[in-house]
Amino acid sequence: MSDRRTSILVLDDEPIVCKRLRPFFSKAGYEVETFGSADEALARVRERAFDVVITDLKMQDMDGLAFLTKVKEIHPDTGVIVITGFATLETARESFRQGVFDFVAKPFKLADILDSVRRVEKEKGLGA
Amino acid sequence: MRPPGDAQVQDGQGPGTARFLFRAFRRILDLNTRVLEAMARMDRALGGEYVFDAAFLQSAVRDLGGLAHRVAYHLNGMTGEAEVALYDACLGVKDGLEDVLSGGLGSLAGRHALAFAELDWEAEPLAGLPAVALAVLGGRLGLPAADGFSLTVTGTKALRQDPAPAAEAAIARELAALSARHGGPAALDLVLAEAWPDAPGQVLATRAVDDPAGLVESLRALLAEHPESSPLAVAVLRRPAALLSGSLQTLAFAPALPPAILVHAGHGEADRDRSWIERTAPHALLRSRLATKPLDALLVQRRPQALSRGRLMRGSAWLSPERLARLADLGLTAERALGGPHLLHWVLDPAGEAVLTGVEPLAGGLDPHPDDAHVPLPGPADRLLAGGRTACGGVGAGAVLAIDENTPPADVPLGAVGVARAASPGLSRIVPRLAALLTEVGSPASHLATVARESRVPALFGLSGSLGLASGSLVTVDADQAEVYRGMQHGLLRQAAAAALETGREPEVQVLRRLLRLIRPLNLHDPDSPDFRAERCRTLHDVIHYAHEKAVQALLQIGSTPTSGLGAPRRLAEESPFAVDILDVGGGLATPAPGNGETGGVALDQVTSAPLRAFLDGLLLRGLWRQAPARLGLGDIFGGMDRSARMLASPPRHTGSNLAIAATDYLNLTLRLGYHFSVIDALATPRPEHNAVYFRFVGGFADPERRKRRAEMVRGALESLGFRARRQGDLVVARLKLLEQEHTLAVLRFLGALTAYTRQLDVDLAADEDAARFLDAFLREFGPLPGAAAGGDH
């Protein structure tokens, strides 16, 4: 266990999701960055590693699956949590094949996504 | 709907048969529950419990529209297509919802001017916050508010042209109607506001119009000063006579004070008093900054101004602490209805009563004071009750007041904590006045729960011990954590006030709020009202509530409909005051009926329908059977002859057998005992919000007076059980809703015993005293009443 804060990147083209998750995770003691564009998020991922990436799967003009595949290529240790309102068995199966840690269907409770992040931390020995 | 095939009628499955009606009824119940649960989910999303996106809103609207359509379909199946208008109502609401999703202005978009009576929340993007808020607060909530009309976004756009005949005509029409409503013309006030979505409700300018004849010119001048950079609407208000005016900020933070209400009061900027008042009842004055007043100024209390004798040598305030407390109550009631803290404007009318004259969103600068983090939260020792289910989250505090649906709303002090036995829809009009609501029975998916959420009144349903809270004692209800604490818990209240500031302004939240205004308000409360019609359903909540009531009415007719296609009933093989035939529509009897057409007897222990079994348990209490022969007088014979002649002339449905249509948790019982006719319809499930007992009773053999006495006795007995009962002549109609399953069954047992006891009793009721005597004797024999402590119910 280390003392450093767990870092989280959130990617969602719906501003309301980023707007809600950013203060929530900050208040809970995490280091959070949010993005509405996959290109910008990917550029940031190339700059630094995040412990957890939370991404929507189906976004306007963006392919969440391609994004998370890239993230796992660059940082295989990053725990990826997928959030989407278009949850189907096939997309879920494909996400898990790409190494996704968890899958949270929209709409979700803040407690649910926190629970998911904590399980990533436990799995990877992160957090205080 | 296609007509039933012969085969379907013969096997009792087709449209019009009891089984068909019952199945359709159950589907309506299930669909209603799904609609209410979906509504609750949207509500909770609005309250911040869920993170959602635009896709959620689209799918929620699609799902709800589909469910409501199916409700209409099944109701029309039950009623032989008698409720086709409900399809139109569903479509109207669905169109409105889709319009909101696509960013439209709603069905009134083409109107230049709209009277307040026509406005509801869904018109906010068209009419602007100030007009809509005053219309809703003054209309639906019955709060004192200025009357007027809105020059809509469409109207302001048109009026920028000169001439604009259509807009000018609409303004003239609404102005004339406004004058007519109040007995003549009066000075007006104009409030120009930005309309949603760019800056919801931001007030840009106000203007006084002393001569209403110059209204159009004043409106044009006002608009000319504000170029059309965004949609604008004008609230045109009839100016109330005023002794004093001011503003009220429902949430304000000041150093070293808890979250407060800030009131400005005076005649102008120069002489305005400022007062900070506690947000919780009794709204103590926390701090005041009084303006200097001339010694000869007349205060609102009509006392001349005088220097105080205190050492501070302060002058008197314009408003007494009592008046400030009343203003605070008014402001918090408005805040709950508006969904968060707002800035209100008010005047005191010549009678000294406050009238709301404006509503604005709060500007920024409302960060909670750092002191707030250090106020202690309540501990286990402060807890009075815990449990129940959250019908509406939030924290509220006030004095406990027991309420039921017979409580007149005006008797409920604003800001009370209401406690009730059941979450009955009949409490809907009281809810907006409350600081919090507790009920012993009820579900977060019930109609009243949506009313609580709509009014943002924290509510816990199904909380045992609620009625045991001492009347008048101060309590704090934390509906989020499902706990009730003694006294005013300021730490909790501060937390809640800070959370209110985070009320979402995101576009998705605004859209969700607008959608819910077309979904959750319940406008049709009273099934006995002439307005209780499909055409009057304005929201999805109206649609499902209407369908539920009409479905129950259709079920009540089951026993009166022709018996073809009902299948083969089986007779109860027990010694009984009268024969009872039982038709099993699903789990009502332990063994399946013998072959088609057979009517084998059935023993009591084969009855697996819980409500029928309970009724029969009461009916077969031999100790309550009256054995003495009835004493008939000449009047009874003649009265009976008249009724028997009429009954013989009536359709055969009135002369059939005693028929119980029974399922596992359902009973529809039609009794034709001699010359009286009664119907009991009951549902007893594990879900209290579905449970109800309906009772209709009419007729008898004796003369009209005696029949009336028996009806009165039955009504009295039912009311003692908490039924809402009314009598007309010898007809008694009663209903009891929202009961725990065990309570429902106990009531049915009582009704069984009462039915046996009152059989032919009318001929023994020679005088009014006889009714009371027989009722006493019955109650004595029967023992304690089920739910005797229960209040009146819907």
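1. Helix 3 of chain B is followed by B:Gly80, a residue with a positive phi, near 65°. Helices here are DSSP runs of H or I of at least four residues, strands are runs of E of at least two, and both are numbered from the N terminus. The 25 residues of helix 3 of chain B should span 36 Å at 1.5 Å a residue, and the end C-alpha atoms are 37 Å apart, which agrees. The expected span is 1.5 Å times one less than the number of residues in the helix.

2. On the basis of the model: this is a predicted model, in which local features need pLDDT of at least 70 and side-chain atom pairs count only at pLDDT 80 or more, whereas totals for chains, interfaces and linings use all residues. Residues are numbered from 1 along each chain as its sequence is written, and chains are lettered from A and ligands numbered from 1 in the order in which they are written.

3. The contact between the chains takes 13 residues from chain A and 11 residues from chain B; two residues are in contact if their C-beta atoms, placed from the backbone, lie within 7 Å. On the side of chain B that touches chain A, the elements giving two or more residues are strand 1 (50-51) and helix 3 (54-78) of chain B. Helix 3 of chain B supplies the largest share of that side, 3 residues. The residues on this side of chain B divide into 7 nonpolar, no polar and 4 charged. In this classification Ala, Val, Leu, Ile, Met, Phe, Trp, Tyr, Cys and Pro are nonpolar, Asp, Glu, Lys and Arg are charged, and the others, Gly among them, are polar.

4. Strand pairing also links the chains. Strand 8 (residues 108-109) of chain A pairs with strand 1 of chain B in the antiparallel sense over 2 bridges, where pairing requires that DSSP finds at least two bridges between two strands. The bridge partner of A:Lys109 in strand 1 of chain B is B:Tyr50.

5. Chain A contains 5 helices and 8 strands, arranged along the sequence as β-α-β-α-β-β-β-α-β-α-β-β-α. Of its 128 residues, 37% are buried. A residue is buried if 20 or more other C-beta atoms, placed from the backbone, lie within 10 Å of its own, exposed if 12 or fewer do, and partly exposed in between. Among contacts in chain A with a separation of 6 or more, 62% are between residues 24 or more positions apart.

6. Strand 3 of chain A pairs in the parallel sense with strand 1 (residues 7-11) of chain A over 4 bridges, and in the parallel sense with strand 6 (residues 79-84) of chain A over 5 bridges. A:Leu11 stands opposite A:Thr55, while A:Val53 stands opposite A:Val80.

7. Chain B holds an open sheet of 5 strands in the order 2-3-6-4-5, with antiparallel pairing. Its edge strands, each pairing on one side only, are strand 2 (113-115) and strand 5 (203-209) of chain B. Strand 2 and strand 3 (residues 148-151) of chain B pair in the antiparallel sense over 3 bridges, and B:Ser150 is the bridge partner of B:Leu114.

8. The largest nonpolar core has 264 residues, and those with the most contacts inside it are B:Leu134, B:Val417, B:Ala459 and B:Val543. Such a core is a set of buried Ala, Val, Leu, Ile, Met, Phe, Trp, Tyr and Cys residues joined through C-beta atoms within 7 Å. Helix 2 (residues 18-46) of chain B gives the largest share of this core, 16 residues. Leaving aside neighbours within four places in sequence, B:Leu134 is in contact with residues including B:Phe116, B:Ala235 and B:Val359.

9. Helix 10 (residues 321-338) of chain B is mostly covered, with 15 of its 18 residues buried. B:Val216, in helix 9 (residues 215-224) of chain B, counts as partly exposed because it has 18 C-beta neighbours inside 10 Å. Not counting residues up to four places away in sequence, B:Val216 touches B:Glu168 and B:Ile171.
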